[in-house]
Amino acid sequence: MLRLSKLTDYAVVVLARLEAEGGVQTAPSLALGTGIAEPTVAKVLKALAHAGLVEGLRGARGGYRLGRPLARMALSDVILAVDGPIALTACVDGASGGCETEATCPVRGRWDPVNEAVRHALSSISLADLAGPATRTCQSHGHKPASPNPVPAMPASLAVE
């Protein structure tokens, strides 16, 4: 089963919340608005800021804001920021040393087109697509929005089983 990490799921929820609220938001306010624990929100925001997906602003009116609109932010950008490179196997894109049988592996290098297809599919989905009208509640992911403007959870169609 291929499944995105919980941190990536939380990152999508936090980004959607930032878009819904607009302006600058603090980690505590995002935690309250999403139902995600504040330390987890802070960890996600740090990774997103490092990747340039959000901007951290210091000072009395500091917090975080989107680095660009969700319509121009691909799901693959978030996955890369939180989980690292998108790959189904250790021996992809010419990597070596990740497998004890690589010298004799009959499929070595043949996963690259599969990985490219997965990356392309994830790049074609914007966060605006995910943050659109809700088809189910966030409760299925273990977090519950605290405001009247709930942020939708990641569609089940993105979890490949």
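Of the 161 residues in the protein chain, 34% are buried, a term that stands here for under 20% relative accessible area, with exposed meaning over 50% and partly exposed the range in between (1.4 Å probe, protein chains only). The model is predicted, so that local features need pLDDT of at least 70 and side-chain atom pairs count only at pLDDT 80 or more, whereas totals for chains, interfaces and linings use all residues. Residues are numbered from 1 along each chain as its sequence is written, and side-chain values use heavy atoms, with hydrogens and water left out.

Among contacts (heavy atoms within 4.5 Å) between residues at least 6 apart in sequence, 62% join residues at least 24 apart.

In soluble globular proteins, nonpolar side chains tend to be buried together. A nonpolar core is defined as a set of buried Ala, Val, Leu, Ile, Met, Phe, Trp, Tyr and Cys residues joined through side-chain atoms within 4.5 Å, and the largest one here has 28 residues, with L15, V41, L45, L48 and V78 making the most contacts inside it. Two or more residues of this core come from each of α1 (6–21), α2, α3 (38–50), α4 (75–83) and α6 (127–130), and α1 provides the largest share, 7 residues. Once neighbours within four places in sequence are set aside, L15 is in contact with L48, L53, V54, L66, L70, M73, V78 and L127.

R17 is counted as buried because its relative accessibility is 3%, whereas E21, at 35%, is partly exposed. Beyond α1, in the loop between α1 and α2, G22 is partly exposed with a relative accessible area of 29%, and its C-alpha lies 8.4 Å from that of L66, although 44 residues separate the two in sequence. Within helix α2 (residues 27–34), T34 is buried at 3% relative accessible area, and a polar atom of its side chain lies 3.2 Å from the backbone nitrogen of I36.

The search of the whole structure finds 4 salt bridges. One of them joins the side chains of R65 and E55 at 3.5 Å, N to O, and links distant parts of the chain, with R65 in strand β2 (residues 63–66) and E55 in strand β1 (residues 54–57), 10 residues apart. R65 is partly exposed at 35%, as is E55 at 33%. Another joins R68 and D77 at 2.6 Å, N to O, where R68 has a relative accessible area of 23% and D77 one of 26%.

L2, L88, V107, W111 and V114 make a nonpolar surface patch of about 370 Å². L2 belongs to the segment before α1 and is partly exposed at 38% relative accessibility. Patches are made of residues with over 30% relative accessible area and no salt bridge, like charges being joined within 9 Å and nonpolar side chains (Val, Leu, Ile, Met, Phe, Trp, Tyr) within 5 Å.

Terms used: Helix = DSSP H or I, 4+ residues; strand = E, 2+ residues; numbered from the N terminus. Polar contact = N/O pair within 3.5 Å; in protein donor to acceptor, adjacent residues only side chain to side chain. Areas by Shrake-Rupley, 256 points an atom, 1.4 Å probe, with all protein chains shown as cover.
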